[in-house]
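Please keep the sequence and the structure in view while reading.

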Amino acid sequence: MNTFIKAESSLTARHRHAQGTSAEMSWAIVVKMWALALAAGLLTVPSIVASAATIYDGAGPIDNSGNWNNGIPSTVGNPGTVNFAGDAGNGSLRNGTYFITQSAGTLYTSFGGIGLSAGNWVLDGGSVLAQNNDLTLSSSQTFTQNSGTVQAGADDFFVTSGASYVLNNGTLTVGDDASFTGGSITINGGTFTSDVFNSNVGSFTITGGTLNVNTLGNTSGSQDGGFTMNFNGGATTVTGSFGLFGDTTPNAVVFGGNQTGSLTAAGLVGTVNGTMDWLPGSLMAMTITGNTTWAETEWTADRMFFDGDSGSDLGLTWADVINPSVGFNSGGGTYFDWDGGTNTLALVTVPEPASLAAVGLFGLLGLGRLRRYRNRMSDTRRRAVSEGLQVEVVER
């Protein structure tokens, strides 16, 4: 709490009041002049155009305009709302461009693949089910899942051609192959489950939530490569292998962010085509249960980096980077923590003793300054009272 002393004579107080009255009169004149100019047509007020909206009745296919009270929501200016109780029936989910916010109800199909393109779908509740069929997002389509259920049944989920899928909560289940070829997938929360999760190009980021797959990345040499996977938190579990194969373009794995997270896989393959970069401050941990030397092998081969630099770039051996007294900083502080019992690698940063001492010193200095400030305020108030001035104490 800050205390300020305002001391003034009665004459000064009257002058301050007169100034306030003058300012109020001036503002009134400005408002009156503005009103006159507006009435004369010299000024215009921008009009606010509200977007139209259309509501789905839950009675059948979403590409049937008769099932919406204001037509199909195929443009930004005519967004659709899906909020009904129950199941709209087989075939209600159809291909197309839609701008929809769904908070309840089930849309699904059990025949043919479903393609959503160049639109925007926000799932706040309910279900979108492409049962036993592909679900494809393409051509700048965005799909944000904040709750509810999305399912590709026993088939594939593709995010291509600049499209994006974001999972903030809820569940996504893919029976076969999930791929972000040309698009992006982000997991901030919820649960993403798939048999295969791979890509040739595009990006994947996980900051929270759970990713459960049987294989991750490219596990064979027949794929071109060029993807980026960002592990910034969350829990990723791979029951099979994590692969970095890429015939033409290297694949990149980046451990960053500031959230605690883990990547656990049974095996690691194809690393000759990829890199793994650990950024300062990352709280991720990577475990390869079936390989006891994976981390040392990748560091020694210059395929594992710290902040973009390999062991050769830094002039550091594996023994150096796992030594707390050496590590990546002069005199230690940041290093790799290798657990040979679980085959787990993590980046550790230990605050230097000097930094902790500095925090304590600044705290004491701040306390001293506060005491001196309060003493000065008390002295000022006593002098003001003794001189017969008005005193106002303002607490902030």
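This is a predicted model: local features need pLDDT of at least 70, side-chain atom pairs count only at pLDDT 80 or more; totals for chains, interfaces and linings use all residues.

A residue counts as buried when its relative accessible area is under 20%, as exposed when that area is over 50%, and as partly exposed in between.

**Overall fold**

- The secondary structure of the chain comes to five helices and 27 strands.
- Among contacts between residues at least 6 apart in sequence, 39% join residues that are at least 24 apart.
- The chain exposes about 19400 Å², and 55% of this area is supplied by carbon and sulfur atoms.

**Strand pairing around β13**

- Strand β13, which covers residues 171-179, runs parallel to strand β10 (residues 149-151) and is joined to it by three bridges; the bridge partner of Q151 in β13 is T173.
- Strand β11 (residues 157-159) is also parallel to β13, with two bridges between them, and here F157 has A178 of β13 as its bridge partner.
- The pairing of β13 with β15 is likewise in the parallel sense and extends over seven bridges, with L172 standing opposite F192 in β15.

**Aromatic pairs**

- The structure holds 24 aromatic pairs, one of which is formed by W318 and W338: their ring centres are 6.2 Å apart and their planes stand at 70°, which is over the 60 degrees required, so the pair is edge-to-face.
- This pair links distant parts of the chain, 20 residues apart, with W318 in helix α4 (residues 318-321) and W338 in strand β25 (residues 334-339).
- W318 counts as buried because its relative accessibility is 9%, whereas W338, at 22%, is partly exposed.
- F328 and F336 form an edge-to-face pair, with 5.2 Å from centre to centre and 90° between the planes, and both of these phenylalanines are buried.

**Salt bridges**

- Side chains of opposite charge can pair when their charged atoms come close, and a search of the whole structure finds two salt bridges.
- One of them joins R94 to D63, with the closest N and O atoms 3.4 Å apart; R94 lies in the loop between β3 (80-90) and β4 (99-109), while D63 lies in the loop between β2 (54-55) and β3, so that distant parts of the chain, 31 residues apart, are linked.
- R94, at 30% relative accessibility, counts as partly exposed, as does D63 at 33%.
- The side chains of E298 and R303 also meet in a salt bridge, at 2.8 Å from N to O; E298 is buried, with a relative accessible area of 5%, and R303 is buried as well, since its value of 18% is under the 20% limit.

Key
Residues are numbered from 1 along each chain as its sequence is written. Side-chain values use heavy atoms; hydrogens and water are left out. Rings of Phe, Tyr and Trp (its six-membered ring) pair if their centres lie within 6.5 Å; planes under 30 degrees apart count as stacked, over 60 as edge-to-face and the rest as tilted. Helices (H or I, at least four residues) and strands (E, at least two) are DSSP runs, numbered from the N terminus. Buried means under 20% relative accessible area, exposed over 50%, partly exposed in between (1.4 Å probe, protein chains only). Contact means heavy atoms within 4.5 Å. Accessible areas come from the Shrake-Rupley method with a 1.4 Å probe; for residues, only the protein chains shown count as cover. Two strands pair if DSSP finds at least two bridges between them. A salt bridge is a side-chain nitrogen of Lys or Arg within 4 Å of a carboxyl oxygen of Asp or Glu.
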